[in-house]
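Here is a short briefing for a first look. Please view the sequence and the structure before reading on.

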Amino acid sequence: MDIATAAISDAEVPLLNDVVEGSVDFKDRPVSRSKSGGWRSASFIIGVEVAERFAYYGISSNLISYLTGPLGQSTATAAENVNLWSGTASLLPLLGAFLADSFLGRYRMIIAASVLYILGLGCLTLSALVYSLGSSDCENAANNTSCSPPRLQIIVFFFSLYIVALGQGGHKPCVQAFGADQFDEQDPEECKAKSSFFNWWYFSFCAGVLVALSVLNYIQDNLSWGLGFGIPCIVMCLALIVFLLGSFTYRFRVNSDEISPFLRIGHVFVRAARNWHSNPSAISMEAEAQGVLPYEGFEQYKFLNKALLGSKGSSQDSKVCSITDIEEAKAVLRLVPIWATCLIYAVVFSQSSTLFTKQGVTMDRHITSTFQIPPASLQSLISLSIVLFIPIYDRILVPIARSISRKPSGISMLQRIGSGIFLSLLSMVIAALVERKRLATAVEHGLVDDPKAVVPMSVWWLAPQYLLFGVSDVFTMVGLQEFFYDQVPTELRSIGLALYLSIFGVGSFISSFLISVIEKYTSGSGKDSWFSDNLNRAHIDYFYWLLAGFSAVAFIAYVYFAKSYIYNRKGNV
C-alpha cells in the first residue's frame with residue numbers, strides 16, 4: 001500500500017530538477033518545467049492579445065470618423081473626445097493592475113476584464129445598429145435634409161465606449177505580465193526566450209492591429225458600423241474561450257511575502273519622512289550593522305535611507321524598513337523621470353489615429369479607378385512596418401549588437417527607448433513638411449474654400465510618416481514594455497506595465513488639452529483655427545512643428561536622465 005502511494009505521489013509531483021521555483025499550476029501544485037509555461041503557454045496568451053488588440057483598434061482607429069460622421073461632431077471636438085477616451089483607456093490599467101496585484105490575481109482579472117469588454121462591445125454594436133435604423137427612417141422622411149442622432153443614443157454610445165475602456169484597463173497590463181510570467185528568469189534558456197517574448201508579443205499585437213485596420217475600417221466605412229463593431233465582439237468571445245483552454249498549462253506566480261508591496265513601499269516613504277532630521281552618521285552605522293556594503297544605488301535618493309531607522313533614531317525603537325524595502329521604493333522612484341520624459345512621445349503617438357486620419361480624408365485615396373482605401377486604414381502602414389521590422393531587429397540587429405556590447409539584449413532598454421523617441425521626432429518633421437505641401441496643392445488648384453474637395457495629391461505622401469512611426473514603435477514601445485516590467489518589484493509587474501500604459505493615457509490628455517487651447521486662441525476674430533473643419537484653411541502643419549519642438553526638448557531631457565539611471569540589482573540592462 002505504501003509503495004503504491006509513493007508511486008502515485010511520484011507520478012503527480014514533478015521531479016525536483018524539473019520544478020519551477022516560485023510557481024504553481026492551476027490547482028496550486030508544484031509546476032513542471034517540461035509540461036507548463038514557456039512558449040506553449042505564451043501562445044495561448046498571445047492569441048488573446050491579438051484578439052483584444054483587433055477589437056480595440058477596430059474601434060479606436062476609426063473612432064474620429066464615426067464621431068464626425070454619424071454623430072456629427074466637429075473635427076476639434078471629435079479629436080478631443082478621441083484623446084479623452086484613449087487617455088482614460090490608458091490610465092485605467094493602473095486600477096486594473098492594482099486590483100490584480102493586490103486582490104484578484106492576473107488570471108482572474110483577465111477573465112473579468114474580458115467579460116466587461118464583451119459587454120461594452122455588445123452595447124456599442126447595439127448603439128450603431130439603432131443609428132443605422134434611425135438614419136434610414138431619416139433619409140426616407142420628406143423634406144428632411146439632416147438628421148441628428150437622438151440624445152439617448154449618444155449617451156449609450158459613450159457609456160459603451162467607456163465600458164470598453166474599463167475592460168481594457170483590466171485586460172492590458174495583466175495579459176502581458178501573465179505572458180512574461182510563463183518564462184522562468186532563473187533558467188538561462190527561458191530568460192533569453194523572455195527577452196524575445198516582448199518582441200514577438202508586439203509582432204503579434206501589430207498583426208491583430210493590421211487585420212483590424214485592413215478589414216474593419218473598410219466594413220465600417222463602406223458596409224455598416226454595426227457590423228464593424230459587432231465583429232470585434234464575436235472575436236473577443238472566441239478569445240476568452242481560447243484563454244480558458246490554456247488554463248492547465250499556465251504557471252501562476254506565488255507571492256513570497258504576505259505584506260502587500262504597496263504597503264512595503266509606502267511604509268518606506270512614511271518612515272523616511274518621520275526621520276527627516278536624522279543624523280547621517282546614524283544611517284551609516286545602521287547600514288554597516290546590517291552588512292550593507294557601499295554601492296551606487298545606496299547613494300541615490302539618500303533621503304529614503306532614513307527609513308532604516310526607527311522613530312527615535314535607532315532600528316530597535318519600532319518597526320523599521322529593510323534594505324530590500326528601500327531598494328524597491330528607489331526602483332519605483334527611479335522610473336519617474338523616464339516616465340515623464342516619454343510623455344511627449346505619447347502626444348505624438350496619439351496623432352496617428354486622429355489628425356493623420358483627417359489628413360488622409362482630404363487626399364486622393366484611389367488605388368484603382370473604382371476602389372479607394374478608407375483613410376483610417378493608412379494606420380495599417382504603422383503595423384506593417386512593425387511586423388516587417390521586428391524580425392529584422394530580433395534576428396539581425398540584436399545578434400550584431402550583442403556581439404559588440406556583450407549584453408544579452410544587444411542594446412540597453414533605455415538606449416532602445418531613446419532611439420525610438422528620436423525617430424518619432426523625425427516623423428513629426430516629415431508630417432509637417434507633407435502637410436505644408438498638401439496646403440500648397442490646395443491653394444494651387446483653388447480648393448481652399450471647398451472643404452469637401454479631394455486635393456489632387458496622392459495619399460501615399462503620408463506613407464513615410466506612418467512607416468517611420470512604426471519603426472520608432474519597435475524601439476520605444478517594446479523597450480518601454482520590457483523596461484517597466486523588468487525594473488519594478490516582482491509582485492508589482494502588472495503595475496509596472498500599467499505605468500507604461502499610463503504614459504499614453506496622460507499623453508492623450510495632454511494632446512487633447514493642447515488642441516483645446518490652440519483651438520481657442522487661434523479661432524478668434526473670424527479667423528480659421530489651426531484645426532478648422534475646412535482642413536484646406538487649417539494649419540495642422542504648425543501643430544506638427546510645435547510637437548517636433550517639444551519632442552526635441554523631451555529627447556534632450558530623456559538622454560540626461562537615462563545617463564544617470566541606475567538599473568536595479570537584477571543585473572538586467
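Which residue stands opposite Ser458 in strand 5? That residue is Asp364. This is a predicted model, where local features need pLDDT of at least 70, side-chain atom pairs count only at pLDDT 80 or more, and totals for chains, interfaces and linings use all residues. Residues are numbered from 1 along each chain as its sequence is written, and side-chain values use heavy atoms, leaving out hydrogens and water.

**Strands**
- Strand 4 (residues 363–364) and strand 5 run parallel, joined by two bridges. Strands are DSSP runs of E with at least two residues, and helices are runs of H or I with at least four, numbered from the N terminus.
- Side chains alternate along strand 5 (residues 455–458).

**Helix 4 and helix 19**
- The axes of helix 4 (residues 75–91) and helix 19 (residues 493–522), lines fitted to C-alpha atoms over the stretch in contact, come within 7 Å. They cross at roughly 160°, on a scale from 0 to 180 degrees between N-to-C directions.
- Helix 4 is therefore roughly antiparallel to helix 19 (angles over 145 degrees).
- Their contact residues divide into 10 nonpolar, 11 polar and two charged. Asp, Glu, Lys and Arg count as charged; Ala, Val, Leu, Ile, Met, Phe, Trp, Tyr, Cys and Pro as nonpolar; the others, Gly among them, as polar.

**Gln168**
- Gln168 lies in helix 7 (residues 151–180).
- Gln168 counts as buried because its relative accessibility is 4%.
- The Gln168 side chain makes a polar contact with the Arg53 side chain (3.0 Å). Such a contact is a pair of N or O atoms within 3.5 Å; within protein, one must be able to donate a hydrogen and the other to accept it, and residues adjacent in sequence count only if both atoms are side-chain atoms.

Note on methods
Parallel < 35°, antiparallel > 145°, perpendicular 65-115°, else oblique. Buried < 20%, exposed > 50% of the residue type's maximum accessible area, 1.4 Å probe, protein only. Pairing = 2+ DSSP bridges.
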